[in-house]
Amino acid sequence: MVFVYLPNAGDCSTILLDHNWSIAWNEKGKVDKMSEIIVKKLSAEELDAMGVSNWPIWEKEASSFPWSYSEKESCLILAGKVTVTPDGGAPVSFGAGDFVVFPAGMSCTWNIIEDVRKHYKFG
């Protein structure tokens, strides 16, 4: 773990090293919100326990588009390469075999580099 001080945000925040973080600052230099996109590898046992193979499948050709999450989304990337850039944040790239979690309330831009296919679940 790494402890990071966020000016004007109060105490230190704990950040796990395998997470990608993006911090949005307003025009006064204060933190508006912090969005976390989690990208990790899960074992077959973990995926089975979550029932991922029974989740719906979404497919999309190479393209770029804005997106907003009204609720948390968890997904397993089956094929493709993607870079997602949270509004005001750093790009996060992932691909086949990655398990990705997007937080509720995040607005971003999806850039699908190679056609994507994923299992997904909201909530």
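## Confidence in the model

What pLDDT does the protein average, and what percentage of the residues score at least 70? This is a predicted model, and the protein averages a pLDDT of 81, with 72% of the residues scoring at least 70.

Strand β9 covers residues 99–102, and both of its faces are covered. On one side lie Phe99 and Val101, on the other Val100 and Phe102, and all of these residues are buried. In a regular strand the side chains alternate between the two faces of the sheet.

Strand β9 pairs with strand β7, which spans residues 73–86, in the antiparallel sense and over four bridges. In this pairing Val101 of β9, one of the buried residues named above, is the bridge partner of Ser74.

The structure holds five salt bridges, and three of them are described here, beginning with the one between Lys41 and Asp98, whose closest N and O atoms are 2.9 Å apart. This pair links distant parts of the chain, 57 residues apart, with Lys41 in the loop between β4 (31–40) and α1 (44–50) and Asp98 in the loop between β8 (92–95) and β9. Lys41 is exposed, because its relative accessible area of 56% is over the 50% cut-off, whereas Asp98 counts as buried, because its relative accessibility of 11% is under 20%.

Arg117 and Glu59 form another salt bridge, in which the closest N and O atoms are 2.8 Å apart. Here too the pair links distant parts of the chain, with Arg117 in strand β10 (residues 107–122) and Glu59 in strand β5 (residues 57–60), 58 residues apart. Arg117 is partly exposed, with a relative accessible area of 32%, while Glu59, with a relative accessible area of 51%, is exposed.

## A salt bridge between Lys60 and Glu61

Side chains of opposite charge can pair when their charged atoms come close. The side chains of Lys60 and Glu61 meet in a salt bridge, with a distance of 3.2 Å from N to O. Lys60 is partly exposed, with a relative accessible area of 26%, and Glu61 also counts as partly exposed, at 45% relative accessibility.

Key
Residues numbered from 1 in each chain as written. Predicted model: local features only at pLDDT ≥ 70, side-chain atom pairs only at ≥ 80, totals over all residues. Heavy atoms only, no water. pLDDT = per-residue confidence, 0-100. Buried < 20%, exposed > 50% of the residue type's maximum accessible area, 1.4 Å probe, protein only. Helix = DSSP H or I, 4+ residues; strand = E, 2+ residues; numbered from the N terminus. Pairing = 2+ DSSP bridges. Salt bridge = Lys/Arg side-chain N within 4 Å of Asp/Glu carboxyl O.
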